[in-house]
Amino acid sequence: QKFVAFIMSVHIAEVMQIFFCIVTGIPVMRTPLQILFLILVTDLPPSIALGMEPGDKSILLERPRPKNEPVVLGWMWVSMVLNGAVLSAVIIAVYIISLMLYCDGR
């Protein structure tokens, strides 16, 4: 669940940034190849780290989660969207400032 929440918040932020650029008419900040590279760089190290994390010794004593319980719970969706929104806001602000200072406002 930790890995899914982390990755989803990063990808939600990516979608929000591209959507913002398209809606406002400013140049899209990343090409498709750059997006694929960022996905590779941001997904691989955390997945390796979380995969190598030692497990809880009492995990096998716990009952499995019910079949009808989703992997991502409701409060996790709220957290992921808020994390993505904050991440997007900071990145978009830096992008717009960079465009104004270094690209003659284009």
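Glu-14 is buried, at 13% relative accessibility (buried means under 20% relative accessible area, exposed over 50%, and partly exposed in between, with a 1.4 Å probe and protein chains only). The side chain of Glu-14 meets that of Arg-30 in a salt bridge, at 3.5 Å from N to O. This is a predicted model, where local features need pLDDT of at least 70, side-chain atom pairs count only at pLDDT 80 or more, and totals for chains, interfaces and linings use all residues. Residues are numbered from 1 along each chain as its sequence is written, and side-chain values use heavy atoms, with hydrogens and water left out.

**The salt bridge**

- The structure holds one salt bridge, a term for a side-chain nitrogen of Lys or Arg within 4 Å of a carboxyl oxygen of Asp or Glu.
- Side chains of opposite charge can pair when their charged atoms come close.
- The Glu-14 and Arg-30 side chains form a salt bridge, and this pair links distant parts of the chain, 16 residues apart: Glu-14 lies in helix 1 and Arg-30 in the loop between helix 1 and helix 2.
- Arg-30 is buried too, with a relative accessible area of 18%.

**Helix 1 with helix 2**

- Helix 1 covers residues 2-24 and helix 2 covers residues 32-52; helices (H or I, at least four residues) and strands (E, at least two) are DSSP runs, numbered from the N terminus.
- The axes of these two helices come within 10 Å and cross at roughly 165 degrees. Axes here are lines fitted to C-alpha atoms, for helices over the stretch in contact, and angles run from 0 to 180 degrees between N-to-C directions.
- Helix 1 and helix 2 are therefore roughly antiparallel to each other (angles under 35 degrees count as roughly parallel, over 145 as roughly antiparallel, 65 to 115 as roughly perpendicular, and the rest as oblique).
- Ala, Val, Leu, Ile, Met, Phe, Trp, Tyr, Cys and Pro count as nonpolar, Asp, Glu, Lys and Arg as charged, and the others, Gly among them, as polar.

**Helix 1 with helix 3**

- Helix 1 also packs with helix 3, at an angle of about 45 degrees and with the axes 7 Å apart.
- That makes helix 1 oblique to helix 3.
- The crossing of helix 1 and helix 3 is right-handed, and the residues of their contact divide into 19 nonpolar, five polar and no charged.

**Residues to look up**

- Ser-9 sits in helix 1 and is buried, with a relative accessible area of 8%.
- Leaving aside neighbours within four places in sequence, Ser-9 is in contact with Met-80, Asn-83 and Gly-84.
- Met-8 is in helix 1 and counts as partly exposed, at 28% relative accessibility.
- Not counting residues up to four places away in sequence, Met-8 touches Trp-77 and Met-80.
- Asp-56 is found in the loop between helix 2 and helix 3 (74-102), and is partly exposed, with a relative accessible area of 48%.

Technical notes: Contact = heavy atoms within 4.5 Å. Left-handed = near helix turned anticlockwise from the far one by under 90°.
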